[in-house]
Amino acid sequence: MKKNEFSRREFLGVGAAAAGATLVGTRTLPEVASLLAPRQSSAANRVRFGIVGVGMQGHGLLTESIKLPDVECAAACDLYDGRHILAREIVKPDLPVTRRYQTLLDDKNIDCIIAAVPDHWHRQIVIDALSAGKDVYCEKPLSHTPADGVAMVDAARKTDRIVQVGSQRVSSQILVKAREMIAQGMLGDLMLVEAVLGRNSPGGAWQYPPPPDLSPQTLDWDTWLGRAPKRPFDANVFARWRCWKEYGTGVAGDLLVHLVSGAIFLMDWKQPPRQAMSVGGIRRWKDGRNMPDVHAVLFYYGDLPVDMRLNLGTDMPETYRIQGSKGLLEVTGGAITCTPQSGKDTGPSYYANAMPRALRDAYQAEWRRQNEPKIGEAPMAEVISIRGPNMNDAKPHLWAFFEAVRSRKPVVEDITFGHNAALACHMANESYFRRSAVSWDDSTRTIKV
């Protein structure tokens, strides 16, 4: 049987098996259950990490990581002294803290690094950590520019170190099950992939309040700027760096990367998109930012069209819609809904209305004779619905990283996966600013117009 030839009975059989695997409750998928299974604690199992960046995302990663068995935070680094206090509040009062991330790399007792810093610092910290023999968990997006990503991939390939990028969807039980359903051919021939995500609040649009004590005395501003153009100290730039392309990648690097990473995992794509076309603008948050707050992108992954939309002015739950000739699969939050479709006419063609009455009546009568079910045997619409843990939960993703540090087994969201996801975001931004379609040239490893 070909992949897209699913009968109604087979569709329902697969659906029943899928539903039985991930019903709400304590049952988990085998892949995730093996990660979460308890084991005897020992010093040999312990992973000691250092964290670089204890900001909005970093403090959450730190809080979740130290809850995991046999995982210990050995030190924290941040350029803002207030986050030294925060790190010690989270971990312990005497946690070693520093402004210099190199101190963590020099510590032979630290196994790995969590890097949760602005995008423009990812390249330097990741490459330095790899050179120091550390495994790395790098927050999404992997890179600030395509060239940064290329350099990071090359550096990783020269080592045997683990690199995992921090878009937690790929460790979600819900996405694992949806991926299985797609691979089994339940949707038939794929037509279109669609994904949306939106926010409608100042906080969601990065209007973060800077710490009241932030100053050149409590923050190493010159180091924070790094390779970006020099400018006077600005507390809002420090807190809201995603708004400016000099430090971040905008809504593409913050939200689109989640949609792209989820889709890469669901669809098992091994390459970046072939082409990207963007529209958008600064529609609501006219606060001096130079990155759009509305961004819609059309990609071609091979010959499959992919439509992704981001909005910082309208709340929309993160949703994937995989559209196929045999059905529609929707994934949102902690739920999967799969609706089968026959692809057949449900009644006589309305084109027959353009025929004379005698011909029309004869056609409709014959159609009903051949297609209408017997009385009492009408088909009923059947929908597969599966619920499980929310795909935004970071704990399984962190656990996958620390287990890889122990076992040396590859992670799913490795350096290549992360690079391909980031490239989609860079292509989206490049298309937006150029107002034209762009493509990825693998031979030169650059974006082309």
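User: With which residue does Asp-135 form a salt bridge, and how far apart are the closest N and O atoms?

Analyst: The model is a predicted one, and every distance in it is computed from the predicted atoms. A salt bridge needs a side-chain nitrogen of Lys or Arg within 4 Å of a carboxyl oxygen of Asp or Glu. For Asp-135 the partner is Arg-161, and the closest N and O atoms are 3.2 Å apart.

User: Which parts of the chain does the pair of Asp-135 and Arg-161 tie together, and how many residues apart are they in sequence?

Analyst: Asp-135 is buried, with a relative accessible area of 1%, whereas Arg-161 is partly exposed at 24%. Asp-135 lies in strand β5 and Arg-161 in the loop between α7 and β6, so the pair ties together parts whose separation in sequence is 26 residues.

User: In what order do the six strands of the open sheet run, and which are the edge strands?

Analyst: Strands of a sheet pair through backbone hydrogen bonds, either parallel or antiparallel. Here the pairing is parallel, and the order of the six strands is β3-β2-β1-β4-β5-β6. A strand that pairs on one side only is an edge strand, and in this sheet these are β3 (97–98) and β6 (163–166).

User: Over how many bridges do β2 and β3 pair, and which residue in β3 does Ala-76 stand opposite?

Analyst: Strand β2 covers residues 71–77, and its pairing with β3 is in the parallel sense over two bridges. Looking across to β3 from Ala-76, the residue standing opposite is Val-97.

User: Against which elements do the buried residues of α4 pack?

Analyst: Helix α4 spans residues 82–90, and its buried residues are Gly-82, His-84, Ala-87 and Ile-90. These buried residues pack against α3 (56–65), β2 and β3.

User: Glu-139 is buried and has no salt bridge, but what is its nearest side chain of opposite charge, and which side chain makes a polar contact with it?

Analyst: Glu-139 lies in strand β5 (residues 135–139), and its neighbours by contact include Leu-61, Ala-115, His-122 and Val-165. The nearest side chain of opposite charge is Lys-140, at 5.0 Å, and a salt bridge requires the atoms to be within 4 Å. The polar contact, at 3.2 Å, is with the side chain of Gln-57.

User: Which peptide bond is cis, with omega near -15 degrees?

Analyst: The place to look is the loop between β5 and α7 (146–157), where Pro-141 lies. The cis bond, with omega near -15 degrees, is the one from Lys-140 to Pro-141.

User: Is Arg-435, with its positive phi of about 55 degrees, buried or exposed?

Analyst: Arg-435 is not a glycine, yet its phi is positive, and it is found in the loop between α14 (415–434) and β15 (438–441). Exposed means over 50% relative accessible area. The relative accessible area of Arg-435 is 76%, so this residue is exposed.

User: How many residues apart are Arg-169 and Glu-318, the two partners of a salt bridge?

Analyst: The side chains of Arg-169 and Glu-318 meet at 2.4 Å, taken from N to O. This pair links distant parts of the chain, with Arg-169 in the loop between β6 and α8 (173–183) and Glu-318 in strand β11 (residues 316–324). Both partners are buried, Arg-169 at 4% and Glu-318 at 10% relative accessible area.

User: In which helix do Glu-403 and Arg-406 both lie?

Analyst: Glu-403 and Arg-406 form a salt bridge with the closest N and O atoms 2.6 Å apart. They are three residues apart, about one turn of the helix, and that helix is α13 (residues 395–407).

Technical notes
Residues are numbered from 1 along each chain as its sequence is written. This is a predicted model: local features need pLDDT of at least 70, side-chain atom pairs count only at pLDDT 80 or more; totals for chains, interfaces and linings use all residues. Side-chain values use heavy atoms; hydrogens and water are left out. Helices (H or I, at least four residues) and strands (E, at least two) are DSSP runs, numbered from the N terminus. Buried means under 20% relative accessible area, exposed over 50%, partly exposed in between (1.4 Å probe, protein chains only). Lys and Arg count as positive and Asp and Glu as negative; His and the chain ends are not counted. A polar contact is a pair of N or O atoms within 3.5 Å; within protein, one must be able to donate a hydrogen and the other to accept it, and residues adjacent in sequence count only if both atoms are side-chain atoms. Contact means heavy atoms within 4.5 Å. Two strands pair if DSSP finds at least two bridges between them. Lists of a residue's contacts leave out its neighbours within four places in sequence.
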